[in-house]
Amino acid sequence: MSKVVLKGLSKSFGDVNVVNNIDLEIKDHEFLSFLGPSGCGKTTTLRMIAGFDMPTTGEIFIGERLVSSVEKKIFVPPEERNVGMVFQNYAVWPHMDVFKNVAYPLKIKKTGAEEMKERVMKVLSMVKLTGMEKRYPHQLSGGQQQRVALARALVMEPDVMLLDEPLSNLDAKLREEMRFEIKDIQRRIGVTIIYVTHDQAEAMAMSDRILLLHNARVQQLGTPKDLYERPENQFVADFIGLINFLKIDVTEREGRMMASFPSSPETPPFEVNPENTGKSSEGGFVFAIRPENVKLVSPDSSSIRGKVTKKVYLGNILDYRVALGNEEIRVEASSGEEFELGQTVGLRFESYVLFK
Amino acid sequence: MLQRKIKADPFILGGTFVVIAILVVFPLTLLFLNSFKFDGAYTLQNYATVFQAKRNYTALFNSLKLGLFTSLFSVLLGAPLAWLVTRTNLPFAKLFRTLFILPYMIPPFIGAIAWSQLLNRRNGYINRLIQSIFGIEGYVFNVNTMPGLIWVMTLYLYPFVFITVAGALERMDPTLEEAARTCGSKTMKIMRDITLPLVAPSIAGGALLVFASSIANFGIPALVGMQGRVFVLTTMIYSYMHSGGFNGIATASALSIMLMVISVGALLINNFYLKKKQYTLISGKSMRPKTLDLGAWKIPCLIVALVVVFITVIMPFFSIGLTSLLDAWGADITWENLTFRNYRYILFEYGLTKDALKNSFLLAISAATICMVLGSLIAYISVKTKIRGRKALETIAQIPYTIPGTVVAIAMILAWSGNYGVNLYNTFWILLFAYVAHYVAFAVRTTSASLEQIHTSLEEAARISGGSWFTSLKDIVVPLIRPGLVAGWFLIFMPTLRELTMSILLWGPRTVTIGVAVFEMQEAGYVQISAAFATLLLLIVIAGNLLVKWLTRGKVGI
């Protein structure tokens, strides 16, 4: 088990930068996800760590070992990096049965027959495939094939495991089940995992930390909680979960930061928390608030008022749209007073972020 | 809804079944029965006769030998070249990919003529070159032998292996190899453990195709083998038919059945066994497999590739072109000995070649058009209707293509030479029947592939709008599958234009074809004019191919 360090890692194909200057330390035993929309550079970064793509600049360390450095002309080929990899389409060899697939890394290392059998059976039981050794891939379901791929990566006791969207070909229910299993296996054996996904729920559910990438650049690195509650920019806020963006103007009055909505002149200015506005405290901002952080109250209890334009009952929550001047705010209410379409309501903002 | 479709046009659809019965079922059944018929009774006598004569089982043995060695050498040549072109950084890989398929386009009997000119024991160009360099008498190479036959056959059939293996290598999911790499495998070991086992079924499939094609081939063994008294099944059947006689055709029938069993057997193994083993290797992501850096091997590999192109394409083209310009064959090659007279002769003076051009174009255009109409109807019935027996119809229509042309021709002679009321022997029609029967499979395949992509609802929408079955076919289906129809037409036009195997058994005094004319001139020793005619045919084939490529925007053609 090892940490992985990326220093100034970049990759470009011709004029196109697909990965731009990433610095990152993935700690030993950590579960870290590369999250982002397609084309953000997450898979390329993973393939550089695996050794399938050569960086344009920068260095990669696995443990204390420098495995890739453009400057020092070092490039350790994939087969010598001792990383386990699970591919999106499983890459289970169709001409080998389950046992042979999983035993292959040990065969390469010329492990003795006894030990090989023991280790293969151990990982097969870990991924719940005991009894399936003699089956061929075409006799397995997608989920089972993915377990074979997982077992094959685990059996070599890699320094780090790389998972490239491993669950995206599975159906929703199985995907959720496998999330817990992968997380559980990781906890038990403590292997360092780098996990690539475009599914934010998957990343949130499994990761210790998430690296959010967009347009080849790091947008934010942090725990799932950090990303959800303290997004560093508008892209992060928008990508993770649901959020409302409203334009506001902030002016200082008697030492208090007062915000007003240009789209709704009749709404009286309200005070915003100065720590959210940073140094340049006056001017136009984007007011970002998650739907569950907007509370609907009776019109008498708040000076900010809007009108209910849509209301959908979703069982555990009520999903409202409230018109505030020309803009519409999405509100998710799980408790409290119920309001009707067309009714004027008061709004209370509980937790929000301002972006310049 | 179904009922309505059938009721609407039972005439056209039912007619298709009748045509296929007349064209395919009737002749092939007769052939089968005739192989058992001796002196008016059904016995195994013909098969016994076949095995009593040494020359017959020598021919059988030669066919098997030719098939096996040609497949073996085609694999040894085609598979490494496929790997080189798809998986390494060989310079000009894309160009080589086209050049390696080129021999597939050359009519095999033209290849045979070229190699007869090059390796002929008396005055082959290469033998003469060696004689003049080393100052020796006598010959070094003699093409009119079994090894010569295998050599020429391999050069024209190896593209089958090359195409199937290159396709498999290109489609293979690169992560299958990457996974082995993360497991600690080196390049050579990955080749042995992963790549080779995964393409093995494709290699075997290509080899079986080569096997079936080489034993069904007539042009090469006829032009190269017969002169050296090396007979295979196809040429043996030809000589039985040539020498005539009532028992000649009976023996030929029995030999035909044997030829058919061997070649159909090979194709059946390919279809039922290997197709299942061909793993689904297509990846979800569109990633190209990584190419291997050849390093110091780059130049040697490039040289090998160039030598292959030189031997398979440049040398035969050059030889035929040169011969076609010679005034006197066998004399020294000097400026005085070069002339365009041969071309003037075949184009404007010689009746045989002028007739051959006219007949072949007429036959190829008619055959391609009839095949497309018939084939589209069969494909339509099979894909778009629920008529009982539709799959049987499609299968039966495909049978004649899997059967060697020689066998189809014998069946046509049995059916249409007057024994059953209709005598088409020596006419244009018997050639046309044979061409249509043999090539209608192409039309069925290309159109059913296009038809499968048209959702039934498109037709249903036309019917709901008030169109009849025929109008919806005309206004909706045909325009949508037009590219497939055009491609299919040319796929039939091209090989029928240069057809030899069936034509040589079916032609008559007034129905000489291009293939037959080249063959007869070559056999008669008119080496230069046959070369000129062959060159003309090559130019037509190349022009046709470019035209198809342009028409189908590169989807069909080489």
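Trainee: Why does N21(A) count as partly exposed?

Mentor: This is a predicted model, so we count atoms in it and compare the count with cut-offs. N21(A) has 15 C-beta neighbours inside 10 Å. A buried residue needs 20 or more, and an exposed one has 12 or fewer. The count of 15 falls in between, so N21(A) is partly exposed.

Trainee: What makes the phi of N21(A) worth a look?

Mentor: Phi of N21(A) is near 50 degrees, a positive value in a residue other than glycine. Most residues other than glycine have a negative phi. As for its place, N21(A) lies in strand β2 of chain A.

Trainee: How do you know whether E157(A) is buried, exposed or partly exposed?

Mentor: Use the count again. E157(A) has 15 other C-beta atoms within 10 Å. Buried takes 20 or more and exposed takes 12 or fewer, so E157(A) is partly exposed. Phi of E157(A) is positive too, near 45 degrees. This residue sits in the loop between α4 (142-155) and β8 (160-164) of chain A.

Trainee: Why is helix α18 of chain B called mostly covered?

Mentor: Eleven of the eleven residues of α18(B), which runs over residues 405-415, are buried. Each one therefore has 20 or more other C-beta atoms within 10 Å of its own. Among them are G405(B), V408(B), M412(B) and A415(B). For chain A as a whole, buried residues make up 40% of the 356 residues.

Trainee: Back to β2(A). What makes it an edge strand?

Mentor: Start with the sheet: five strands of chain A form an open sheet in the order β2-β1-β4-β5-β6, with antiparallel pairing. β2 (16-26) and β6 (74-75) each have a single partner strand, so one side of each is left without a neighbour in the sheet.

Trainee: Which helix packs on that sheet?

Mentor: Helix α1 (residues 42-50) of chain A does, touching β1, β2, β4 and β5 (65-69). The direction of α1(A) makes about 120 degrees with that of β1(A).

Trainee: How do you know that β1(A) and β4(A) pair?

Mentor: Two strands pair if there are at least two bridges between them. Strands β1 (residues 4-13) and β4 (residues 57-62) of chain A have five bridges, so they pass, and they pair in the antiparallel sense. For one example, the bridge partner of S10(A) is T57(A) in β4(A).

Trainee: What makes β17(A) and β18(A) a pair?

Mentor: Try the cut-off of at least two bridges again. Strands β17 (residues 305-313) and β18 (residues 318-324) of chain A have six, in the antiparallel sense. V312(A) has D319(A) in β18(A) as its bridge partner. Their hairpin has four residues between the strands, and G315(A) takes a positive phi near 85 degrees.

Trainee: Which strand pairs with β18(A) over seven bridges?

Mentor: Strand β19 (residues 327-333) of chain A, again in the antiparallel sense. R321(A) stands opposite R330(A) in β19(A). These strands form a hairpin with two residues between them, where G325(A) in the turn has a positive phi of about 60 degrees.

Methods:
Residues numbered from 1 in each chain as written. Chains lettered and ligands numbered in written order. Predicted model: local features only at pLDDT ≥ 70, side-chain atom pairs only at ≥ 80, totals over all residues. Contact = placed C-beta atoms within 7 Å. Axes fitted to C-alpha atoms, helices over the stretch in contact; angles between N-to-C directions.
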